[in-house]
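Hi,

Here's the structure I promised to pass on. Have a look at it first, and then read on for what turned up.

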Amino acid sequence: MATSESVDVFSLWVETINNDIEVYSLLGIFSSDENAHAAMEVLKKENSYSENSELKVFRYTLDHIDWSDGFISSAKALGLE
């Protein structure tokens, strides 16, 4: 579990819209926010990432439970249950 010596990593994702649905694709995991943003700048120059997509960086702490409350069904999330 997370300790005072926890390590953070930074994931770089591209968000695209496909048939009105947000789709996230993982592009890489980096040891620092600076490295993730530097990679983002390189990818922004690529034509395939410039149209209809958005690059995002997320920080995660290793050895830490993020979703301790569990999951719900998609039907419940949509209010159908």
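One cut-off before we start: a residue counts as buried when its relative accessible area is under 20%. Keep in mind, too, that this is a predicted model.

Let's begin with Glu15, which sits in strand S1, the stretch covering residues 8–18. Is Glu15 buried or exposed? Its relative accessible area comes out at 9%, and because the limit for buried is under 20%, Glu15 is buried. What does its side chain find there? The side chain of Glu15 makes a polar contact with the side chain of Lys56, at 3.0 Å. Leaving aside residues up to four places away in sequence, Glu15 touches Glu22, Val23, Tyr24, Asn52, Ser53, Glu54 and Lys56.

Now for the sheet. Which order do the strands take? It's an open sheet of three strands, running S2-S1-S3, and the pairing is antiparallel. S2 and S3 (53–61) are at the edges with a single partner strand each, so one side of each has no neighbour in the sheet. From one strand to the next, the twist averages 30°.

If you follow the pairing of S1 with S3, you'll count nine bridges, in the antiparallel sense. Lys56 turns up again here: this residue of S3 has Trp13 standing opposite. Helix H1 packs on the sheet and touches S1, S2 and S3. The direction of H1 makes about 165° with that of S3.

Next, the nonpolar side of things. Which residues form the largest nonpolar core? There are five of them: Leu12, Val14, Ala39, Met40 and Leu55. S1 and H1 each supply at least two residues of this core. Take Ala39 as one member to click on: not counting residues up to four places away in sequence, Ala39 touches Leu12 and Phe30.

Last stop is Ser32, in the loop between strand S2 (21–30) and helix H1 (33–44). Ser32 has a relative accessibility of 15%, so Ser32 counts as buried as well. Its side chain reaches the backbone nitrogen of Asn35, at 3.0 Å.

If you want a place to start in the viewer, pick Glu15 and Lys56, whose side chains make that polar contact, and then go over to Ser32 in its loop.

Cheers

Definitions and conventions: Residues numbered from 1 in each chain as written. Predicted model: local features only at pLDDT ≥ 70, side-chain atom pairs only at ≥ 80, totals over all residues. Heavy atoms only, no water. Helix = DSSP H or I, 4+ residues; strand = E, 2+ residues; numbered from the N terminus. Buried < 20%, exposed > 50% of the residue type's maximum accessible area, 1.4 Å probe, protein only. Polar contact = N/O pair within 3.5 Å; in protein donor to acceptor, adjacent residues only side chain to side chain. Contact = heavy atoms within 4.5 Å. Pairing = 2+ DSSP bridges. Axes fitted to C-alpha atoms, helices over the stretch in contact; angles between N-to-C directions. Core = buried A, V, L, I, M, F, W, Y, C linked by side-chain atoms within 4.5 Å.
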